[in-house]
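User: Please examine the structure shown below and answer a few questions about its architecture.

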Amino acid sequence: MAEQWNRIFGNWAGELEGDAWTLELDNSIKPDRPQRGWNQYIRNAFARFRCSLCRNSWPSKRVQVVFHFSFNSTQHRGTVKVRQFKQKCRRCSKAQMEEPSFSSENIDVMVEKLMEKIRIRCYGEKPPEVNRNLHVNGKVEGPHERLHCEACLMGICKNEKNI
Ligand SMILES: [Zn+2]
Ligand SMILES: [Zn+2]
């Protein structure tokens with residue numbers, strides 16, 4: 001998972017010439033509570049999950065992903081931390097929270113929008129006049145399982161489009 005994020009982020013961050021940006025997965029970052037000097041971008045996306053007990057798998061279009069990012073313009077270094085919220089199987093009583101698995105295509109959509117936020121917040125660029133609607137792809141049937149969603153349990157799960 002980390003390699004997939006890094007490869008796609010690397011493609012986009014390469015456009016910020018002269019500055020070295022890195023991305024890491026970090027489950028300790030807190031939504032809506034970025035550290036001092038850090039910015040936040042939060043959105044939901046489509047992913048699949050697989051139970052490590054029974055191999056049941058399920059899709060969800062309501063997977064919260066939180067990005068915290070900061071840029072040191074003197075050192076020309078930027079850091080992005082990503083937290084992907086987990087879900088657990090509803091068939092197993094002892095199910096554990098599982099990491100989502102995103103398609104490369106959907107990570108690309110998230111990172112494209114993240115780069116827009118980075119350019120605005122860290123480089124002072126203006127938001128693009130035409131706000132491209134970047135949708136993540138994937139079909140889901142059935143309701144969102146609140147008791148099995150880590151973000152719901154933390155009270156931060158949203159279902160917004162185009163954020
Ligand atoms: Zn299961
Ligand atoms: Zn939820």
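**Fold and contacts of the predicted model**

The secondary structure of the protein chain in this predicted model comprises three helices and four strands.

User: In what pattern do these elements follow one another along the sequence of the protein chain?
Analyst: The chain contains three helices and four strands. Read along the sequence, the pattern is α-β-β-β-β-α-α.

User: What is the radius of gyration of the protein chain?
Analyst: For 163 residues the globule rule gives 15 Å, and the value for the protein chain is close to this, so the chain is as compact as a globular protein of that length. The radius of gyration is 16 Å.

User: Are helices H1 and H2 parallel, perpendicular or oblique to each other?
Analyst: The axes of H1 (residues 2–13) and H2 (residues 104–123) come within 10 Å and cross at roughly 45 degrees. Angles under 35 degrees count as roughly parallel and those from 65 to 115 as roughly perpendicular. H1 and H2 are therefore oblique.

User: How many residues of the contact of H1 with H2 are nonpolar?
Analyst: H1 contributes Gln4, Trp5, Ile8, Phe9 and Trp12, while H2 contributes Ser104, Ile107, Asp108, Val111, Glu112 and Met115. Of the residues in this contact, two are polar, two are charged and the nonpolar ones number seven.

User: Is Trp38 buried, partly exposed or exposed?
Analyst: Trp38 lies in the loop between strand E1 (20–25) and strand E2 (39–50). A residue is buried with 20 or more C-beta neighbours within 10 Å and exposed with 12 or fewer. Because Trp38 has 17 such neighbours inside 10 Å, its class is partly exposed.

Methods: Residues are numbered from 1 along each chain as its sequence is written. Chains are lettered from A and ligands numbered from 1 in the order in which they are written. This is a predicted model: local features need pLDDT of at least 70, side-chain atom pairs count only at pLDDT 80 or more; totals for chains, interfaces and linings use all residues. Axes are lines fitted to C-alpha atoms, for helices over the stretch in contact, and angles run from 0 to 180 degrees between N-to-C directions. Helices (H or I, at least four residues) and strands (E, at least two) are DSSP runs, numbered from the N terminus. Angles under 35 degrees count as roughly parallel, over 145 as roughly antiparallel, 65 to 115 as roughly perpendicular and the rest as oblique. Two residues are in contact if their C-beta atoms, placed from the backbone, lie within 7 Å. Ala, Val, Leu, Ile, Met, Phe, Trp, Tyr, Cys and Pro count as nonpolar, Asp, Glu, Lys and Arg as charged, and the others, Gly among them, as polar. The radius of gyration is taken over C-alpha atoms; the globule rule is 2.2 Å times the number of residues to the power 0.38.
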